[in-house]
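Take a look at the complex shown here. Keep it in view as you read the report.

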Amino acid sequence: MPKETEKDIDFSLMKAIQNGDMVAFNTMVDRYKDRLMNVIGRMLSSSEEAEDIVQETFVRVYQHRQSFNFQHCFSTWIYTIGLNLARNELRKRKKFKFYEISDMQGHETEFAVEAKIPSRLPQAIDSAIRDLPEKYRTAFLLRDVEEMPYEEVAKALGVPLGTVKSRVNRARLILRDKLQPRLEEHHALSKSTLLPVGLL
Amino acid sequence: MRCRKVRSYLSAYCNDEVAGRSLVAIQEHLSTCGACRREESLYRSMREGARELRAGSLSRDFNARLLDRIAQERFQETRTRAYFPRPSVPVLSWRRVAPVLGSVAVIALAAIFALSPGSNRAVPTYASSSPGSSSLDDSYLTVQPDANPNMTSNLKKNWSLDTQLAKAERSRQISGMLTSSGGFASMDYREAFPWIYGYGIVDSPFGPVVVKIRPVLRIYETSGSTGAKEDQEVY
């Protein structure tokens, strides 16, 4: 018996959701909420805003459940909804600039934060990803963090395949240049101690 | 394959995105080039670090809050369907109705304007048969008498020359009747009774009648020139 793929599971859950099965909907939420938060949380700086966007994404999925096209992947569809909502939020922020109270007290703290390099590699990568331009950041997150195929990333972002490949490559080069000292340090330590990456 | 070319492929190579002859060529180069191997290790570390990234923590009651909101959506949906069923006939929208209403309004306004009394204003006719007035025109009738410059205000817009001439003729006749009749009417009542200024007594087949008199413009024609004279009119 062939193993059921992720896509098949999504489709069967989606059919159940279309028939009004709320347990299936809850299962779907559990499958995708962390993945969405992983991407959207890094697009928006505030975790509360990101959580609101993730919630809104699932609400939209429920509202438009009957219009889901089974010709496409569910993951592509839900990421498209989530990314569009996150982009709208970023656009709103460009219109209305929000300032933290700490920003109003002077720029000393800002420089101190910029100069501080996270000691552990994942945090350093996380910080570097947040500094990427939005189009590179989204492509990198979907491809290298969520490990989506290039074709699906292209569909979710609505850009040609070649553009996605180019953006992902460009993002990797930027990150490599930015994180070179930390990566070299990590490489040297891992050779000597053979610790898992997460503990470094 | 040279180092520069290999390094351009390294990020893709470390993410298992290179295949075929390129893959073999890169592997061969890496087996002999220490600098490129070190570069490869940087990319691999970065890849592992990216995979270690954890999602931002969602609140514990995320599912509960979401399902609560979905329940509200469903309730709203059900209530809307129950109370406001989809109408069988299409609802008229303003976009559809506005042009029709606009056209109706324009037609109605045009009809009102066409049927209004002002539109039936007769063009003044200059009766050639009127006594001594065949060649008079507008400019002549706006002339004011020297003695009473406010006279022109008595001329109505819808005057006609025939009417004015008829009034003048009547006034002349009444004036003759007043002066020719005896008694009270022949007195200079304006001086004797200033409060009844503007009224006079006229003989009629049924006896003397009090009439209202007010100044009017009397139009007449003299030989070679025309002019105006203040007179009285009886109402």
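## Contacts and a core

Two residues are in contact if their C-beta atoms, placed from the backbone, lie within 7 Å. By that rule, and leaving aside its neighbours within four places in sequence, A:Leu142 is in contact with A:Val39, A:Tyr79, A:Met148, A:Val153 and A:Ala156. The model is predicted.

A:Leu142 also belongs to the largest nonpolar core, which has 55 residues. It is one of the residues that touch the most other members. In soluble globular proteins, nonpolar side chains tend to be buried together.

## Where the chains meet

How many residues of chain B are in contact with chain A? There are 26, and they contact 34 residues of chain A. Three helices of chain B each supply at least two residues of the side that touches chain A: H1 (3-14), H3 (34-52) and H4 (62-83). H3(B) gives the most, with 10 residues.

What kinds of residue make up this side of chain B? They divide into 12 nonpolar, 8 polar and 6 charged. For the complex, the predictor gives an ipTM of 0.71 and a pTM of 0.56.

## The build of chain B

Chain B has 8 helices and 3 strands. Read along the sequence, the pattern is α-α-α-α-α-α-α-α-β-β-β. Chain B has 235 residues, and buried residues make up 14% of them.

Now take the contacts in chain B between residues at least 6 apart in sequence. Of these, 55% join residues at least 24 apart.

## Two loop residues with positive phi

A:Glu147 is not a glycine, yet it has a positive phi of about 55°. Where does A:Glu147 lie? It sits in the loop between helix H8 (134-145) and helix H9 (150-157) of chain A. A:Glu147 counts as exposed because it has 10 C-beta neighbours inside 10 Å, and a residue with 12 or fewer is exposed.

In chain B, B:Asp16 has a phi near 60°, again a positive value in a residue other than glycine. B:Asp16 lies in the loop between H1 and helix H2 (21-32) of chain B. Is B:Asp16 buried or exposed? B:Asp16 is exposed, because 9 other C-beta atoms lie within 10 Å.

## A glycine in a helix

A:Gly162 lies in helix H10 of chain A, residues 161-193. A:Gly162 counts as exposed, because it has 10 C-beta neighbours inside 10 Å. A:Gly162 and A:Tyr150 are 12 residues apart in sequence. In space they are 9.1 Å apart, C-alpha to C-alpha.

The mean pLDDT of chain B is 67, and 47% of its residues reach 70 or more. Which element of chain B has the lowest mean pLDDT, and which the highest? Helix H6 of chain B, residues 138-141, has the lowest, at 43. H2(B) has the highest, at 87.

Over residues 180-187 of chain B, the pLDDT is below 50. Beyond near neighbours in sequence, this stretch has 8 contacts in the model. Over residues 219-228 of chain B, pLDDT stays under 50. For that stretch the model has 19 contacts beyond four places in sequence. Where pLDDT is low, the predicted coordinates should not be read in detail.

Notes:
Residues are numbered from 1 along each chain as its sequence is written. Chains are lettered from A and ligands numbered from 1 in the order in which they are written. This is a predicted model: local features need pLDDT of at least 70, side-chain atom pairs count only at pLDDT 80 or more; totals for chains, interfaces and linings use all residues. Helices (H or I, at least four residues) and strands (E, at least two) are DSSP runs, numbered from the N terminus. Ala, Val, Leu, Ile, Met, Phe, Trp, Tyr, Cys and Pro count as nonpolar, Asp, Glu, Lys and Arg as charged, and the others, Gly among them, as polar. A nonpolar core is a set of buried Ala, Val, Leu, Ile, Met, Phe, Trp, Tyr and Cys residues joined through C-beta atoms within 7 Å. A residue is buried if 20 or more other C-beta atoms lie within 10 Å of its own, exposed if 12 or fewer, and partly exposed in between; C-beta atoms are placed from the backbone. pLDDT is the predictor's confidence in each residue, from 0 to 100.
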